Amino acid sequence: MTDRTQTLDTPPVVNKKKSDKQLNVARLLLEGRAFIALLVIIATFSMLSPNYFTGANFLTMASHVAIFGLPAIGMLLVILNGGIDLSVGSTLGLAGVMAGFMMQGINLEALGVVLYLPVWAVAILTLVVGALVGLVNGVLIAWFRVPAFVATLGTMYVARGIALLITNGLTYNKLSGSEALGNTGFDWLGFNRLFNIPVGVLVLGVVALACGFLLSRSAFGRWLYASGGNERAADLSGVPVKRIKISVYVLSGVCAALAGLVLSSQLTSAGPTAGTTYELTAIAAVVIGGAALTGGRGNVRGTLLGAFVIGFLSDGLVIIGVSAYWQTVFTGAVIVLAVLLNTLQYGRRAR
């Protein structure tokens, strides 16, 4: 009788193990959703078009991904800090315009000469421009306590306005330079390849590796996750919260400027409207990659996957001849779905 009672009171171990296994599978699918989505996109468009699943097409699409993958990495740093940067698209456009302006020659009227800078100097000064835009954002947000949305919205308009003023609304063309002036090679980022891989893709890879190392192997990364998860607690723990906040916006500006260099190099031209809505694409890549918009959660790997999901989806729709209007609809639907999944994932963890 005693043995029978003990048997009846024994919990259903088998059902519990099955339930735990189902939860683990569901969690795995949820956390790997960006990678799964990328595989589904590649498989779907490979069946719809014979030109999609080729090495040449993948390299071309990857070079397109690099243009908004770079701002997405900078946006990841900002979002990990619990902020947002709406100025990356305008910073990208301004950086391209500044590079085009310097490639056209700087007219020094007082000296009566036109100064043509070497390409490496143009690239460095362009990155400095991006860093300055990020510095303005960081100071406004960290020191003057302007909400990130408002501060970066303002700099978005200011940067775009400066680009329009510099060009008078026109586009700088023929940025290939001249050997006689010593400023050739600007198209190197856009057209050259190393080991048959586009240089823009290699630049994206180097930036991603550097950012991944920064987040996982440095005190800066630990401070960033801590301040993004709970800024007040991090401040009380001795984390330099303001310095971290300013740094992430400066890095975001540099990443956006680097993307502006890659884009203008690919086009060998620079227009003041370049990068329009790229801030939304960068945010979308970060969200699809699994980062939490509330800060403190996310990684470079996920953001890269998110950028490839958007890039491969957009290029696939172009290849099969889908209208540009429908491309916007599909991209928006993917973003909404990603946010819903993020809410499900992080909401469950909070509970």
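A residue counts as buried when its relative accessible area is under 20%, as exposed when that area is over 50%, and as partly exposed in between. Keep these cut-offs at hand for the stops below. The model on screen is a predicted one.

**Stop 1: the salt bridge**

Select E231 and K245 and show their side chains. The two side chains meet in a salt bridge, with a distance of 3.2 Å from N to O. E231 belongs to helix α11 and K245 to helix α12, so the pair ties together parts that are 14 residues apart in sequence. Side chains of opposite charge can pair when their charged atoms come close. How many salt bridges does the structure hold? The structure holds one.

Now compare the surroundings of the two partners. E231 has 34% relative accessibility and therefore counts as partly exposed. K245, at 12% relative accessibility, counts as buried.

**Stop 2: helix α10**

Select residues 219-229, which make up helix α10. Colour F220, G221, L224, S227 and G228, which are buried. Look down the axis of α10: the buried residues fall within an arc of 135 degrees, so they line one face of the helix. The spacing follows from the helix itself: an α-helix has 3.6 residues a turn, so residues three or four places apart point the same way.

Turn to the other side of α10 to find R222 and G229, which are exposed. What covers the buried residues of α10? The cover includes α4 (55-80), α9 (199-217), α11 (231-236) and α12 (241-267). Show these helices together with α10 to see the arrangement.

**Stop 3: the largest pocket**

Next, select F68, Y278, T281, I310 and S314. Of the 20 residues that line the largest pocket, these are the closest to its centre. The pocket holds about 620 Å³ of space.

Which elements give two or more residues to its lining? They are α4, α12, α13 (278-288), α14 (300-319) and α15 (324-350). Select α15 in particular: with six residues, α15 gives the most to the lining. By type, the lining divides into 10 nonpolar residues, nine polar and one charged.

**Stop 4: I84**

Move to the loop between α4 and α5 (88-104) and select I84, which lies there. Is I84 buried or exposed? At 16% relative accessibility, I84 counts as buried.

Show what surrounds I84. Leaving aside neighbours within four places in sequence, I84 is in contact with V78, I79, A148, F149, T152, Y249 and I283. Then select V150 as well and draw a line between the C-alpha atoms of I84 and V150. The two are 66 residues apart in sequence and 9.7 Å apart in space.

**Stop 5: two loop residues with positive phi**

Select R145 in the loop between α6 (119-142) and α7 (148-167). Phi of R145 is near 55 degrees, a positive value in a residue other than glycine. R145 counts as exposed, with a relative accessibility of 65%.

Finish at T268, found in the loop between α12 and α13. Its phi is also positive, near 50 degrees, and T268 is likewise a residue other than glycine. T268 is partly exposed, with a relative accessible area of 23%.

Technical notes:
Residues are numbered from 1 along each chain as its sequence is written. This is a predicted model: local features need pLDDT of at least 70, side-chain atom pairs count only at pLDDT 80 or more; totals for chains, interfaces and linings use all residues. Side-chain values use heavy atoms; hydrogens and water are left out. Buried means under 20% relative accessible area, exposed over 50%, partly exposed in between (1.4 Å probe, protein chains only). Helices (H or I, at least four residues) and strands (E, at least two) are DSSP runs, numbered from the N terminus. The arc is that of the directions from the helix axis to the C-beta atoms. Contact means heavy atoms within 4.5 Å. On a 1 Å grid over the protein atoms alone, a cavity is a set of points where a 1.4 Å probe fits but cannot get out, and a pocket is an open set with protein on both sides within 12 Å along at least five of seven lines; lining residues have an atom within 4 Å of a point. Grid points are joined across faces, edges and corners, and a volume is the space filled by probe spheres set on the points. Ala, Val, Leu, Ile, Met, Phe, Trp, Tyr, Cys and Pro count as nonpolar, Asp, Glu, Lys and Arg as charged, and the others, Gly among them, as polar. A salt bridge is a side-chain nitrogen of Lys or Arg within 4 Å of a carboxyl oxygen of Asp or Glu.
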